[in-house]
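Dear colleague,

Please find below the structure that I am handing over to you.

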Amino acid sequence: MLSQVLIIDTRKELSTKYKRCLDDEEISTAIAKTLKDAISLIRTTEPDLIIVSDSIAEELTTFCQKIRTLTYNTRPTIVALSKSADFNDRINVLNCGADDFISEPVNIKEFQMRIKAHLRRDIELNSDNVTLLPNKKYVQKALKRLLNSENKQAVLLIGVENLTNYKSLYSDVAGDKLLQTLVAIAKSAIDANDFLGRLNENNFIIITSPYSA
């Protein structure tokens, strides 16, 4: 499943430009032009990364604090876009919850690379240590997005029976190897846009199309 990015920007031309350059990088991107729409999307989709520009009516510092209050369970990365290059503005916004500050006009290639770097780190932080799959927290986020979308997709639960007994008999290392083999088999059976995550020690989730399921 693609990473989810929310752009909060009242400017039609620039926000569309940013969205297009991220869509080219296989990132699912939505645009909110009002604070009301932004808050609604944050609650329903729990984006992995939020880009907020100083074109909004509210101060960036205030809005970053508000986003942090809304997303204390999921902790998205916040990237602030501003026409200001002032050092104090950068410090204030970062101090109020932003993870990065980009001054406009931006270099599109650098913009893409910085956003991808933040998303890569988010994936690494939310990956299971054994299988390197998205962990329980990320699986729950993926299921919430699915329930709040209009996409018709199927959810498959894969359970591994007697894993604890297997580990007791053959060691934890052997159990981890078994799971890694299972994951390799599952990955070979799904498409690039399907989602595979580890729900808990014994259970895995696949989100795919009804036909593929």
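**Packing of helices and a sheet**

Leu 163, Tyr 166, Lys 167 and Tyr 170 of helix H7 are in contact with Asp 172, Ala 174, Gly 175, Asp 176, Leu 178 and Leu 179 of helix H8. Sorted by class, the residues where H7 meets H8 comprise 6 nonpolar, 1 polar and 3 charged. Please bear in mind that the model is a predicted one.

H7 covers residues 163-170 and H8 covers residues 172-189. Their axes come within 6 Å and cross at roughly 130 degrees.

A second pair of helices may be described in the same terms. H2 (residues 35-45) packs with H3 (residues 60-70) at an angle of about 30 degrees, and their axes lie 10 Å apart. Angles under 35 degrees count as roughly parallel, so H2 and H3 are roughly parallel to each other. The crossing in which H2 passes H3 is right-handed. On the H2 side, the contact is formed by Leu 35, Ala 38, Ile 39, Ile 42 and Arg 43; on the H3 side, by Phe 63, Ile 67 and Leu 70. By class, the contact of H2 with H3 holds 7 nonpolar residues, no polar residue and 1 charged residue.

I turn next to the sheet. Three strands form an open sheet in the order E6-E8-E7, and their pairing is antiparallel. Which strands lie at the edges? They are E6 (154-159) and E7 (195-198), each of which pairs on one side only. On average, neighbouring strands of this sheet are turned by 20 degrees against each other, with direction ignored.

The pairing of E7 with E8 (residues 203-208) is antiparallel and runs over 4 bridges. Within this part of the sheet, Leu 196 has Ile 206 in E8 as its bridge partner.

Which strands does helix H6 touch as it packs on the sheet? H6 (residues 136-147) touches E6, E7 and E8, and its direction makes about 140 degrees with that of E7.

Methods
Residues are numbered from 1 along each chain as its sequence is written. This is a predicted model: local features need pLDDT of at least 70, side-chain atom pairs count only at pLDDT 80 or more; totals for chains, interfaces and linings use all residues. Side-chain values use heavy atoms; hydrogens and water are left out. Axes are lines fitted to C-alpha atoms, for helices over the stretch in contact, and angles run from 0 to 180 degrees between N-to-C directions. Helices (H or I, at least four residues) and strands (E, at least two) are DSSP runs, numbered from the N terminus. Contact means heavy atoms within 4.5 Å. Ala, Val, Leu, Ile, Met, Phe, Trp, Tyr, Cys and Pro count as nonpolar, Asp, Glu, Lys and Arg as charged, and the others, Gly among them, as polar. Two strands pair if DSSP finds at least two bridges between them. Angles under 35 degrees count as roughly parallel, over 145 as roughly antiparallel, 65 to 115 as roughly perpendicular and the rest as oblique. A crossing is left-handed if the near helix is turned anticlockwise from the far one by less than a right angle, and right-handed if clockwise.
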